[in-house]
Amino acid sequence: MKKDLPSVYANPIDKEIRNNNDIYFGQPIEDRSTNKVNVYEKINGIFASPHHVYKSNVSIYTRNGKINTTIVGKSGNFLLCLNGDRINMLDIIDIERI
């Protein structure tokens, strides 16, 4: 029961192989301070607090300035205000309860 394996052709390597070169990538160092504000956690904290029954008075700092408003909920990626405005959460830099 001896089976002969087929013969394999091994191509001879006649050139220098250089596929193990070291490659380095560097980029500028960015400021990684540990006290960056996570806006989504702050918004969820406002809605989960015992002081928020139906609405909360907040100061919202956006790219365009400061907004003092009353928030009543959130829908998708927007905060819903009592006066009917919708504020995009991506534009919010910081939020604090008044």
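Among contacts in the protein between residues at least 6 apart in sequence, what percentage join residues at least 24 apart? The share is 47%, where contact means heavy atoms within 4.5 Å. The structure is a predicted model, in which local features need pLDDT of at least 70 and side-chain atom pairs count only at pLDDT 80 or more, while totals for chains, interfaces and linings use all residues. Residues are numbered from 1 along each chain as its sequence is written, and side-chain values use heavy atoms, with hydrogens and water left out.

The protein has 1 helix and 5 strands, arranged along the sequence in the pattern α-β-β-β-β-β. Of the 98 residues in the protein, 22% are buried. Buried means under 20% relative accessible area, exposed means over 50%, and partly exposed lies in between (1.4 Å probe, protein chains only). The protein exposes about 8700 Å², of which carbon and sulfur atoms supply 51%; accessible areas come from the Shrake-Rupley method with a 1.4 Å probe, and for residues only the protein chains shown count as cover.

The buried residues of H1 are Val39, Ile43, Ile46 and Phe47. Seen down the axis of H1, these residues fall within an arc of 95 degrees, so they line one face of the helix; the arc is that of the directions from the helix axis to the C-beta atoms. The buried residues of H1 pack against E1, E2, E3 and E5. On the face of H1 turned away from this buried side are the exposed residues Glu41 and Ala48.

In soluble globular proteins, nonpolar side chains tend to be buried together. A nonpolar core is a set of buried Ala, Val, Leu, Ile, Met, Phe, Trp, Tyr and Cys residues joined through side-chain atoms within 4.5 Å. Here the largest nonpolar core has 13 residues, and those with the most contacts inside it are Ile43, Ile60, Ile71, Leu79, Ile92 and Ile95. H1, E1, strand E3 (78-81) and strand E5 (92-97) each supply at least two residues of this core, and H1 gives the most, with 4 residues. Not counting residues up to four places away in sequence, Ile71 touches a set that includes Ile46, Phe47, Val58, Ile60, Leu79 and Cys81.

Thr69 also lies in the interior. Its place is in strand E2 (residues 66-75), and at 11% relative accessibility Thr69 counts as buried. Leaving aside neighbours within four places in sequence, Thr69 is in contact with Ser56, Asn57, Val58, Ile60, Cys81, Asn83 and Ile87.

Val39, found in helix H1, is buried, with a relative accessible area of 9%. Leaving aside neighbours within four places in sequence, Val39 is in contact with Ile92, Ile93 and Asp94. Val39 and Asp94 are 55 residues apart in sequence, yet 6.1 Å apart in space, C-alpha to C-alpha.

Side chains of opposite charge can pair when their charged atoms come close. The structure holds 2 salt bridges, a salt bridge being a side-chain nitrogen of Lys or Arg within 4 Å of a carboxyl oxygen of Asp or Glu. In one of them, the side chains of Lys42 and Asp94 meet at 2.8 Å, N to O. Lys42 lies in helix H1 and Asp94 in strand E5, so the pair ties together parts that are 52 residues apart in sequence. Lys42 counts as partly exposed, at 33% relative accessibility, whereas Asp94 counts as buried, at 19%.

Arg63 forms a salt bridge with Asp91, the closest N and O atoms being 3.5 Å apart. This pair links distant parts of the chain: Arg63 is in the loop between E1 and E2, and Asp91 in the loop between strand E4 (86-88) and E5, 28 residues apart. Arg63 counts as exposed, at 61% relative accessibility, and Asp91 as partly exposed, at 30%.

The surface also carries nonpolar side chains. Val53, Tyr54 and Leu82 make a nonpolar surface patch of about 360 Å². Patches are made of residues with over 30% relative accessible area and no salt bridge: like charges are joined within 9 Å, and nonpolar side chains (Val, Leu, Ile, Met, Phe, Trp, Tyr) within 5 Å. Tyr54 is found in the loop between helix H1 (39-48) and strand E1 (56-62). Val53 has its place in the loop between H1 and E1 and counts as exposed, at 76% relative accessibility.
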